[in-house]
Amino acid sequence: MAFKKSFFKKNLLKTLLFSGFLIVNIVNAEKSSAKTQDNIDIPKVVSYRSASCGCCKKWVNHLRQNGLEVVDNILEDVSGIKNQYKIPNNLRSCHSAKIGNYAIEGHVPIESITKLFKEKPSISGIAVPGMPLGSPGMEINSHDSHSHDYEEYNVISFSKNGKIKKFDEISP
């Protein structure tokens, strides 16, 4: 009888411990899955562009329409900013920005910026070289049938040591 009582207590204790462990893991799993939604914290965007460039203003509006706070700085010459952020010459475009510790060059879409802050890689920034048709700010808004004219393009990452590689691929 004493053996049955001892056996029962041990099994009850194990069952209670396991149940507690299971409940804690279920609760923690719900917390971590809520954090993995696209509700990623992205700092304020500090943008630099020329007053005469309409596509740059459209890019700023693209960021704002997607919930980012943007400080829009209009300069006569943005090349000083590109030099300050150490944007490689072959990746330069018409406007530059800083988001947190990252430099953003050109018509980078919100999806790539979100990916950047989700992954937080150890790089200096990301860029869309040139002005690809269909990138944010370079859309043809007159008719939907023009969407087939949009280009596929790459978002390129760059680092202080000069390493450049594909960060993201954008398809129309």
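The structure is a predicted model, so local features need a pLDDT of at least 70, side-chain atom pairs count only at pLDDT 80 or more, and totals for chains, interfaces and linings use all residues. Residues are numbered from 1 along each chain as its sequence is written, and side-chain values use heavy atoms, with hydrogens and water left out.

To begin with the overall fold, the protein chain has four helices and seven strands; helices (H or I, at least four residues) and strands (E, at least two) are DSSP runs, numbered from the N terminus. Read from that end, the elements go α-β-α-β-α-β-β-α-β-β-β. Of the 172 residues, 36% count as buried, where buried means under 20% relative accessible area, exposed means over 50%, and partly exposed is in between (1.4 Å probe, protein chains only).

Seven strands make up an open sheet in the order β2-β1-β3-β4-β5-β6-β7, with mixed pairing (two strands pair if DSSP finds at least two bridges between them). Since β2 and β7 stand at the edges with a single partner strand each, one side of each is left without a neighbour in the sheet. On average, neighbouring strands are turned by 20° against each other, direction ignored. Axes here are lines fitted to C-alpha atoms, for helices over the stretch in contact, and angles run from 0 to 180 degrees between N-to-C directions. Zooming in, β3 and β4 run antiparallel and are joined by four bridges; Lys98 has Ala103 in β4 as its bridge partner. Two helices can be followed onto the sheet. Helix α2 touches β1, β2, β3 and β4, and its direction makes about 170° with that of β1. Helix α4 touches β3, β4, β5, β6 and β7, and its direction makes about 125° with that of β7. Contact means heavy atoms within 4.5 Å.

Then there are the nonpolar cores, each a set of buried Ala, Val, Leu, Ile, Met, Phe, Trp, Tyr and Cys residues joined through side-chain atoms within 4.5 Å. The largest has 23 residues, and Leu63, Ile104, Ile113, Leu116, Ile126 and Val155 touch the most other members. Helix α4 gives the largest share of this core, four residues. Leaving out residues up to four places away in sequence, Ile113 touches Ile42, Trp59, Leu63, Leu68, Ile99, Val108 and Ile126. A second, separate core of 10 residues includes Ile81, Ile87, Ala127 and Ile156.

Finally, charged side chains. A salt bridge is a side-chain nitrogen of Lys or Arg within 4 Å of a carboxyl oxygen of Asp or Glu, and the count comes to five. One of them joins Glu69 to Lys44, with the closest N and O atoms 3.8 Å apart. Glu69 sits in the loop between α2 and β2 and Lys44 in the loop between α1 and β1, so the pair ties together parts that are 25 residues apart in sequence. Lys82 and Glu105 meet at 2.6 Å, N to O, and both residues are buried. Lys115 and Asp168 form another salt bridge, at 3.9 Å; this pair links helix α4 with strand β7, 53 residues apart. Lys115 is partly exposed at 25% relative accessible area, whereas Asp168 counts as buried at 16%.
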